[in-house]
Amino acid sequence: MWRWSVVFLSSLIGFTGGLHAQTSARVLVVQGDRARGNVGMWLREAAGVVVLDGSGNALPGVPVTFAVKEGEAELSPEIWETDANGLAYTKVRFGDNPGRVVLSATAAGSSAEIVLAALPAPEPPSVTQYIVSTVAGAHPVGDGLPAAQVRLQRPNGIVFDGQGNYYLVERTGRRVRKIAPDGVLTTVAGSGNQGSVPQEGPAKEVDLSLPVSLALDSYGALYIVDFGLSAVLKVDALGELTVVAGRGPSPCPLLPGAINGDGGAAKEAPLCDPQGVAVDSAGNVYIAEYNGHRIRVVSPEGVIRTLAGTGEAGFSGDGGPATEARLRSPHAVAVDGAGNILIADTSNGRIRQVSPDGVIRTLAGGGSASPYADAAPALDAQLARPYLLAPGTEGAILCYEYSTGRIRRLGTDGIIRPVYQAPAASWGFAVAPDGALLVALDSLNTVVRVETSGEASVVAGASHFSGDGGPASEAGLSAPRAIAFAPDGSFFLADTGNFRVRHVSPEGIISTIAGGGTLTPSAVYQNALDVNLYPTGLLAAPDGSLYIAASSLLLHWTPDGAVRIVAGVPPGQPGADQGPALEVSFGYILNLAWDSGGGLLIADPGKHRIQRLDSSGIISTVAGNGTPYRPVTGRTAVSEPIPYMQSMAVAPSGEILIPTAFGVYCVETDGILSRWDGMAERYYPEDARPVWYYALPPSFASVFDPTGNLYLGSTDLGRIPKISPTGVLAAIVGPSSPGFSGEGDPSLNARFGVTFTLQIGPGGDLYVCDTDNHRMRKLTPAPPPES
């Protein structure tokens, strides 16, 4: 008979700088030999158990019940099973004034407990309100306008109905649009704001997250795969949206059996990164799970099951039952006229077919013939990541290959041939009733129509570049990513998606000062308007000139209209990590800042370093050893990794703050690396708290104001946190989901998208590159309310 014991692990995270749950009544964030204070509000795998048998061997798969008692209040227990090492662990959230907190664990009649505690939170400060306005960029939704005049936001999946209308997804616009035969565009689903869970209701009022593909059934109902929500949605003829499958974001991969929902209600089933959808004539809905390595099917009665794939990545099963075959990251699914299910088995480089009797076979791919071959037998062909599928005319199958940008046609003669070379990445195409192709060009924000003759024309999506010589607030921008203020109060703007740097005068007039040309920068001076740019960071100099981060190069623009390289070697050429600036190789430069000594700091996430350019033209490393691993704090910043940095900010006192995927780190003025915030796990506040109470989200943007407040942009939550010099955090923009709203309103009622850059303007206003919304917006402190 087994005798089991339960032993608490007081610290499951053993690296220096991790979180240490101790049997004493404190939880500390350890900074090497520096302790930054009591954290304690969230424990991330900080307390757990190991279950052992009588001989001291670990027992996997044993249920462990965790319970928390805070004072006299019993908090809800959680039940976990031990892993292969016999370990089980839980997270604990304390209240504001927890006093004594006891965490206990019970397994097979044996139990143990540990005492945890946290200091009470201080009183939150009053939260400053801001008024929101747009200072550059206009992006109207465009309903009722000709589609070719509307600025689209990453068009994706396309599908035709029987009346000549076609529908497309705006991936970052979070909408589904309909384009009538006369070219007029309207919205059929999506509010433009980002949702976090699947919703139901009037389709145009529902918040989508990341819609990626579409399908239509024989009754005219529209099916939407929302990758961000891990769900498939349906819009009926009356404009009502319902959930077909998916209970919301779920961890991947899903395990086999009932846990993936097979045999149950599709609305309650988890989906693992759905990408493609198709509907057959009987009303069955097919879903390609990209990281679930399966094709799922939902019956008209709403029951879900697996049609193909075991859930384990691989390639096998041809000639046998599809449910026993292995797929690898299928991205698309389609139904042909005979009722066969077609699968883009993306990472296996194949098109596969499941016949009505459930047998799977390969139709194309797996061979050695070049994907650029003009014609090849389908089974001899090499397919380069087939992403999209569509049945063509005369029994053909059309396939888009992501790695080559080609659309190829597999005919009934078994030969695969190219029909179109896309000029940019596409995540959606469809065959028009007359045989022409409509192709959504994601990064170009356009839809092109390709005639059977090969002639192509733009049918939807206007240029995002417009407005030079007029008011900046009416100009067309595309994914702006950086701001820099000049000494005269004007500012420079990285209009990144339009490959330009633009200038807004103190009077609000916009013009282009660099980019839009075709010449590659050289080390010698040339006309800045001839240069082909992808600007990601800007930094203005006191003399009115401008430094421009352009991929792996640092450029210098001068007011006479010239530009030259001042740091970096051309892409693909070898270079040093330090030394003369023109001999140093960068990965990609994300942003720039002045340090307290007048040096130019260069954030290079591509090489996981922050570099410094001095006045003599020499580059030296400030932080990062070139690897992305978790650093050890308390050591010199140049000796430690900087893991997936997103931005940097220089404090008034000279420290350099670095938001990363694992939290915010600090390069002290003596060069020592320390941990600045409490946690790495994502969590967000609903009100003002000490910064260590919460995990700070990864941030592309960070800036200090002159009084020492730190502002962080959000990569995915649509919020902007402000952290006071005393370490108290409060959101100044909300609610906690991206979107666009709030012009002229208090900022806590406004929605923003991903914010790539924040800057403090000359008057103290906070300027925000609202990249997803193609605008630059301003937050002006609101006057205090009258008493």
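With which side chain does the side chain of Arg 408 make a polar contact? The partner is the side chain of Glu 401, at 3.1 Å; a polar contact is a pair of N or O atoms within 3.5 Å, where within protein one must be able to donate a hydrogen and the other to accept it, and residues adjacent in sequence count only if both atoms are side-chain atoms. Arg 408 is placed in strand S32 and is buried, with a relative accessible area of 0%. Here, buried stands for under 20% relative accessible area, exposed for over 50%, and partly exposed for what lies in between (1.4 Å probe, protein chains only).

The structure is a predicted model, in which local features need pLDDT of at least 70 and side-chain atom pairs count only at pLDDT 80 or more, while totals for chains, interfaces and linings use all residues. Residues are numbered from 1 along each chain as its sequence is written, and side-chain values use heavy atoms, with hydrogens and water left out.

The overall make-up comes next. The protein has 63 strands and zero helices; both are DSSP runs numbered from the N terminus, with at least four residues of H or I for a helix and at least two of E for a strand. Of its 787 residues, 57% count as buried. Among contacts (heavy atoms within 4.5 Å) between residues at least 6 apart in sequence, 47% join residues at least 24 apart.

Two open sheets show how such strands are arranged. Strands of a sheet pair through backbone hydrogen bonds, either parallel or antiparallel. Two strands are taken as paired if DSSP finds at least two bridges between them.

Strand S36 (residues 446-450) is joined to S37 by four bridges, with Val 447 opposite Ala 460.

Five of its five residues are buried, so S62 is largely enclosed by the rest of the structure. In a regular strand the side chains alternate between the two faces of the sheet. In S62, Leu 766, Val 768 and Asp 770 point one way, and Tyr 767 and Cys 769 the other way. S62 pairs in the antiparallel sense with S61 (residues 755-760) over four bridges, where Leu 758 has Val 768 as its bridge partner. S62 also pairs with S63 (residues 775-781), again antiparallel, over five bridges, and Asp 770 stands opposite Arg 775.

Rings of Phe, Tyr and Trp (its six-membered ring) pair if their centres lie within 6.5 Å; planes under 30 degrees apart count as stacked, over 60 as edge-to-face and the rest as tilted. The count comes to eight aromatic pairs. The rings of Tyr 387 and Tyr 402 have centres 4.7 Å apart and planes at 25°, so this pair is stacked. Tyr 387 is buried at 9% relative accessible area, whereas Tyr 402 is partly exposed at 33%. The rings of Tyr 547 and Trp 594 have centres 6.0 Å apart and planes at 85°, so this pair is edge-to-face. Tyr 547 lies in strand S44 (residues 546-550) and Trp 594 in strand S48 (residues 591-594), so the pair ties together parts 47 residues apart in sequence. Tyr 547 is buried at 16% relative accessibility, while Trp 594 is partly exposed at 31%.

Tyr 547 is also one of the residues in contact with Val 566. Val 566 is found in strand S46 (residues 562-567) and counts as buried at 13% relative accessibility.

Notes:
Lists of a residue's contacts leave out its neighbours within four places in sequence.
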